[in-house]
Structures are given as structure tokens and as C-alpha cells.
Amino acid sequence: MAVAGIATILGLTVLLPAAAFPCGAPHVQHLDNATASKLLGTWLYVAGAAQFPQHLLEMLLIDHGHLHVEPHAGEQELLMTQHVAVGDQCLTNNSTYFEITASNTTLVKDAKTHQTVGTLMNPSSEDVLLIQYELQMERTYLALYLYARNLSVSTAHREEFEHHAKCLGLSEEEIVYAPWKTELCQVKEIEKGNNPRTDPVATVTASPPPGTHQPGSTGN
């Protein structure tokens with residue numbers, strides 16, 4: 001099954017004004033060249049929340065996934081490679097990257113268009129990532145994804161993710177946690193308490209990658 005839009009939402013717009021969010025302006029992650037190294041390595045997909053109906057349905061199909069971050073072109077950019085397991089396929093996508101701006105805000109950009117498609121939020125721990133996306137269609141649809149260094153995500157981190165989602169106007173019904181029932185998209189074992197910056201080993205069995213618009217599909 002080729003699924004468009006899973007895990008990465010493309011064709012997105014710049015961030016909304018603070019008035020659009022129930023909790024005020026979201027707190028974005030500020031990094032510099034020295035601290036950006038904390039993003040490198042493997043991050044496991046924990047949960048997602050999305051307002052756009054198709055993306056919400058696609059998240060329900062994801063069993064598990066992981067994100068790998070590595071240096072890209074220059075010190076200001078970090079390549080993001082994503083793998084998600086959907087049905088009997090492991091889909092991969094490297095069409096986005098992190099860019100650290102002059103103000104040390106960390107944006108997510110489309111590798112082809114270089115348009116801003118999201119931003120890295122500021123979590124309470126270095127062991128989790130919160131990435132916010134926005135999709136502009138007939139209205140603006142928001143999405144939020146939670147990644148962690150390992151699957152032993154604390155209740156506090158889950159509650160923090162759900163709080164961020166609520167502040168973006170996402171409801172509990174729009175939050176989906178990955179079940180991790182299979183091992184289709186393999187990643188070298190990350191043991192509790194060990195160095196999580198382990199290179200992933202993924203089996204890619206489907207093309208095109210998630211996040212790519214398919215002929216006959218709706219949305220981006």
C-alpha cells in the first residue's frame with residue numbers, strides 16, 4: 001500500500017501568529033552550532049497528532065518508525081531521514097532537513113523547495129523531540145510529532161506532548177500513539193541508559209517514500 005503524507009507533511013507554510021494558539025505563542029527550540037549536535041543520531045517515533053483528516057487516518061496505519069539526524073550541507077543544516085512501518089512495508093523519506101537560523105531557531109525545511117514546513121519545539125528534556133508542522137489548504141491544519149531516544153517515555157513527557165497538542169488546538173481524538181507491534185523497520189537495539197546515538201538499519205520495501213503526493217490521492 002503506497003500511503004501519501006505519512007510522518008512528513010509537505011507543502012506547509014510559515015508559523016501562525018501567537019493569537020492563533022490557545023496558550024499563546026509556542027516555545028520554539030533555540031540551538032546554536034555548538035548545541036545542534038544534541039539532535040544527531042536516532043530518534044524513535046512515539047506519537048503524532050494532526051488536524052487534517054487524511055493525515056490522521058494515515059497515522060493510524062503506522063506501527064512504528066524512527067528518525068535519523070545527521071550533518072548536512074554546512075553547519076546550519078541537519079539532514080532528517082525518516083522510516084515508518086505501514087502494513088508490510090517500511091517506507092523511507094529524506095525530503096526534509098533542520099535549519100538553524102541566525103536567531104538560533106530550528107526550522108524544518110523542504111529539501112526541494114527550501115520552504116519552511118515546521119519548527120522544532122522546546123521540550124523539557126534533551127531526550128525527546130517535539131516537531132510542529134502546518135499544512136495550508138482551504139484552512140491551516142496543524143500537526144505535532146513526538147520522538148524520543150528510547151521507548152521508555154515517561155508519563156511526564158507524554159503529558160507534555162499532549163499539553164503542547166492542546167495548546168495548538170489539537171484534540172485528544174487527534175492524538176495517536178504508535179503501537180510498536182512489529183520490527184519491520186529495524187533499528188539497532190537501543191538499550192535503556194545506553195548511548196542512543198545508534199545508526200539505524202532500515203529495510204525499505206516500498207516506493208515512493210511517505211510525504212510524497214500520489215496521483216489520485218488527496219491532500220499533500
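A residue is buried when its relative accessible area is under 20%. In this predicted model, Ser 95 has a relative accessibility of 15% and therefore counts as buried. Ser 95 lies in strand 4. Its side chain makes a polar contact of 2.7 Å with the side chain of Asn 93.

## Nonpolar cores

The largest nonpolar core contains 28 residues. Those with the most contacts inside this core are Leu 67, Phe 98, Ile 131, Tyr 133 and Tyr 147. At least two core residues come from each of the following elements: strand 1 (41–50), helix 1 (53–61), strand 2 (62–72), strand 3 (74–86), strand 4 (89–100), strand 6 (116–120), strand 7 (128–136) and strand 8 (140–148). Strand 3 gives the most, with 4 residues.

Setting aside neighbours within four places in sequence, Leu 67 is in contact with Gly 41, Thr 42, Trp 43, Met 80, Thr 81, Gln 82, Leu 129, Ile 131 and Tyr 147. There is also a second, separate core of 16 residues, with Val 46, Ala 49, Leu 144 and Leu 168 among them.

## The disulfide

The model has 1 disulfide. The bond joins Cys 90 to Cys 185, with an S to S distance of 2.0 Å. The torsion about this S-S bond is about 125°, so the disulfide is right-handed. Distant parts of the chain are linked by the pair: Cys 90 sits in strand 4 and Cys 185 in the segment after strand 9 (175–177), 95 residues apart.

Both ends are buried. Cys 90 has a relative accessibility of 0% and so counts as buried; Cys 185 is buried too, with a relative accessible area of 3%.

## Helix 2

Helix 2 covers residues 155–167. At 1.5 Å a residue, its 13 residues should span 18 Å, and the end C-alpha atoms are 18 Å apart, which agrees.

The buried residues of helix 2 are His 157, Glu 160, Phe 161, His 164, Ala 165 and Cys 167. Viewed down the helix axis, these residues fall within an arc of 165°, so they line one face of the helix. An α-helix has 3.6 residues a turn, so residues three or four places apart point the same way. The cover over the buried residues of helix 2 includes strand 1, strand 7, strand 8 and strand 9. On the face turned away from the buried side are the exposed residues Thr 155, Ala 156 and Lys 166. Just after helix 2, Gly 169 adopts a positive phi of about 90°.

Definitions and conventions: Residues numbered from 1 in each chain as written. Predicted model: local features only at pLDDT ≥ 70, side-chain atom pairs only at ≥ 80, totals over all residues. Heavy atoms only, no water. Core = buried A, V, L, I, M, F, W, Y, C linked by side-chain atoms within 4.5 Å. Buried < 20%, exposed > 50% of the residue type's maximum accessible area, 1.4 Å probe, protein only. Contact = heavy atoms within 4.5 Å. Disulfide = S-S within 2.5 Å. Polar contact = N/O pair within 3.5 Å; in protein donor to acceptor, adjacent residues only side chain to side chain. Expected span 1.5 Å × (residues − 1). Arc of directions from axis to C-beta.
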